Structures are given as structure tokens and as C-alpha cells.
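This report describes a structure for a reader who is new to it. The sequence and the model come first, followed by notes on selected features.

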Amino acid sequence: MSQLLFILWNPDLEAFHIGPMAFRWYSLCWLMGLLLAYLVVRQLYREQQIKEELFEPLFLYCFMGILIGARLGHCIFYQPDYFLTSWKGFIEMLLPIHIDQYGSWHMTGYQGLASHGGTLGLILALILYVRHTGVGLWRVLDNIAIATGITACFIRIGNLMNSEIIGRQTDVPWAFVFERVDMLPRHPGQLYEAIAYAVFFILCWIIYRRQPKFVGTGFFFGFCLFYIFTFRFFIEYTKEVQEAFEENMLFDMGQLLSVPFMIVGGWCMMKGLKKVKKL
């Protein structure tokens, strides 16, 4: 098939500059996803008549939990041989810098974030938030789950703008040619995920509007884990492996890490539905 039918993809990494500061599309997508989730959860708190002062610290807990968890998840799950075997790697794991062979350093931002680690970090941060505020754990988890899809969608759009987490070679007419990587037509796996997560958010919003009593049962939290990580498991078949050690594995690291979340998600959904029947 002629390459002219494929989508040539090579956007600028930087959206705009303000003086010497450059704002990258990836960072903007992260911030947009978090901002929209913030607005959604604030609306949910107001509708459920949860005090405003109990909502205010939530964003900080979520932001720090996702960032720290996603960074540590990438370093530990995907590149432990680099980040855990030298002082240089350990410093780069914690700080958004790169240290060159001469000992000089420069700011790079966190290059490498893992969604599985971000999920674990978020859950742990929400447990700390619940202990601090006294809001019911399942209510908090369900409210955050409803908004999760919109954040995940924008993060994957950020990956698309960065031409990272690319798909396997294909001849489908909607294939992307990631010019920054190579000139081969590939599955736009990031776009597949972004669409799936947007659909998930819409489904959650519809269910919530029709059955608001589901909030607080753990149903939305379970639905979130089961839907997202089941999709993540199967979408991995369209992606290139991220690290060389995954080449000869029956299931790659993303799939292996997804299985526990799928199991926990299914269990929470069933438990939530049983609670709803008793209401």
C-alpha cells in the first residue's frame, strides 16, 4: 500500500515559548487532564454535599501520588538496571535531570512514567487523604475513578505528541508514520488508548447520572481498574515492546502488571453491585 495513504506524524515537541521557557505538548496534556479531572471531582463533591474544605487537599494528594508512583514505576519495572545500579541513575530517578559523563547536569523533566506505577501511587495517596480528612474511602475511590478516564485520555494524547509508546508495523489505512522514530507505518496505539479512555469517562458519567447511589460502593473504582487494564492488556499486542528484555516474553511487562489490577477491579465491581442490591 502506498505510504501516501498513511498519516505522516512529526509535530513539534514544544507547543509555545514564554521567554526562555518552553512548554511541551506532553506537559500541557498532563496538566489539562489533571485540570479537567479536578473540575469533575469538584462537581461530584458538591453534588454529594461533601464539605469544600475536604476537597481542597485532594488535588495535591492525587498529583503527588500519580507523579511519584508513575516515575518510580517506570524506573523499577522497566529500567532497574539503569536507575537502581548507580548513584547517577538513582539521582535521575528522583530528580528531573540528566547527568552526563562529565558530571554536568541539565533539566530534562521526568522522561519515563508508567501508568501502573501511577495507579498504585494514586491509590496509596488517596488512602493517606482519607486518613487525613475522614471522607469514606470507597466514596473517594469511586469519585476519582469517574474522572480517571479523562486524565488517562490526555496523557495518551501527550504520548502521541511525543511520538512515544509507538505501535507495531501495520498496513491499516489509518497507520501513523512516526517520522521522529522511523518511516514505517505503525499502529497509533496511543490514539487507541486515548479513545478507549474517553469512552470510559462517558460511560462512567452516564452510569453516575442514572445511578448516583453506586458512588461509595466501590463499583466505579472496580469498573475503572477492570476496564482500563483489560483494554491495556489487549492493546499491548499492537505496541512495540518498550524495553529489550521484553522481546522474548510471552506477555510483556505492561500485560503482566495489568493482570492484578484486572482481578482486583473485577472483585470490587462484584462487591459494589452486591452493596447496591442491599440499598
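Which residue in β6 stands opposite L8? The residue is V177.

## Basis of the model

This is a predicted model, in which local features need pLDDT of at least 70 and side-chain atom pairs count only at pLDDT 80 or more, while totals for chains, interfaces and linings use all residues. Residues are numbered from 1 along each chain as its sequence is written, and side-chain values use heavy atoms, with hydrogens and water left out.

## The sheet

An open sheet is formed by three strands in the order β1-β6-β7, with mixed pairing. Its edge strands, β1 (7–9) and β7 (185–186), each pair on one side only. Between β1 and β6 (residues 176–178), the pairing is parallel, over three bridges.

Strands are DSSP runs (E, at least two residues), and helices are runs of H or I with at least four, both numbered from the N terminus. Two strands pair if DSSP finds at least two bridges between them.

## Cysteines

The count of disulfides is zero, a disulfide being a pair of cysteine sulfur atoms within 2.5 Å. The sulfur of C204 has its closest cysteine sulfur in C224, at 6.7 Å, which is too far for a bond.

C204 counts as buried, at 0% relative accessibility, and C224 also counts as buried, at 8%. Buried means under 20% relative accessible area, exposed over 50%, and partly exposed in between (1.4 Å probe, protein chains only).

## Residue L256

L256 lies in helix α10 (residues 253–278). With a relative accessible area of 41%, L256 is partly exposed.
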